[in-house]
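Here are my notes on the model you sent over. Have a look at the fold first, and then we can go through it point by point.

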Amino acid sequence: MADATKSQFPVTLREGEDGYVVAECPILPGCISQGETRQKALENIKEAIAVSLETRKAYNLPPRIEMIQVEIAVS
């Protein structure tokens, strides 16, 4: 088996209404997961990212969408 290339993906974490930690990868549409703890949510989103990438590859979609940062004034 060939060595896998490692990539980094941005992930947001927030508390869900049910007390679980919700994890989402904003550059992969629909890539969201959760866990009872922060650690479990991170484990679950890594798995969700891997599945999302496999699916996107199978459908010849780009591996991720472009994400940039913009600066705005906040009062």
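How many residues lie between β1 and β2 in their hairpin, and which residue in the turn has a positive phi?

1. Ground rules. This is a predicted model, in which local features need pLDDT of at least 70 and side-chain atom pairs count only at pLDDT 80 or more, while totals for chains, interfaces and linings use all residues. Residues are numbered from 1 along each chain as its sequence is written, and side-chain values use heavy atoms, with hydrogens and water left out.

2. The hairpin. Five residues separate β1 from β2, and Gly 19 in the turn has a positive phi of about 90°. Helices (H or I, at least four residues) and strands (E, at least two) are DSSP runs, numbered from the N terminus. β1 covers residues 12-15 and is joined to β2 by four bridges, the two strands running antiparallel. Across this pair, Leu 13 stands opposite Ala 23, and Thr 12 has Glu 24 as its bridge partner.

3. The whole sheet. Three strands make an open sheet in the order β1-β2-β3, with antiparallel pairing; two strands pair if DSSP finds at least two bridges between them. The edge strands are β1 and β3, each pairing on one side only. From one strand to the next, the twist averages 25°. Four bridges link β2 to β3, and Val 21 stands opposite Gly 35 in β3.

4. The helix against the sheet. α1 packs on the sheet and touches β1, β2 and β3, its direction making about 150° with that of β3. Axes here are lines fitted to C-alpha atoms, for helices over the stretch in contact, and angles run from 0 to 180 degrees between N-to-C directions. With 21 residues, α1 reaches 30 Å from its first C-alpha to its last, close to the 30 Å expected at 1.5 Å a residue; the expected span is 1.5 Å times one less than the number of residues.

5. Ala 41, Ile 45, Ile 49, Ser 52 and Arg 56 are buried. They lie on the same side of α1 because they cover an arc of only 80° around the axis, taken from the directions from the helix axis to the C-beta atoms. Lys 46, Glu 47, Glu 54, Lys 57 and Ala 58, on the other side, are exposed. Buried means under 20% relative accessible area, exposed over 50%, and partly exposed in between (1.4 Å probe, protein chains only).

6. The core. The largest nonpolar core has ten residues, among them Phe 9, Val 21, Ile 45 and Ile 49. Such a core is a set of buried Ala, Val, Leu, Ile, Met, Phe, Trp, Tyr and Cys residues joined through side-chain atoms within 4.5 Å. α1 gives the most to this core, with three residues. Leaving aside neighbours within four places in sequence, Ile 49 is in contact (heavy atoms within 4.5 Å) with Phe 9, Val 11, Cys 25, Leu 28 and Cys 31.

7. A serine to look at. Is Ser 33 buried or exposed? Ser 33 counts as buried because its relative accessibility is 18%. This residue lies in β3. Not counting residues up to four places away in sequence, Ser 33 touches Val 21, Val 22, Ala 23, Asn 44, Ile 45 and Ala 48.
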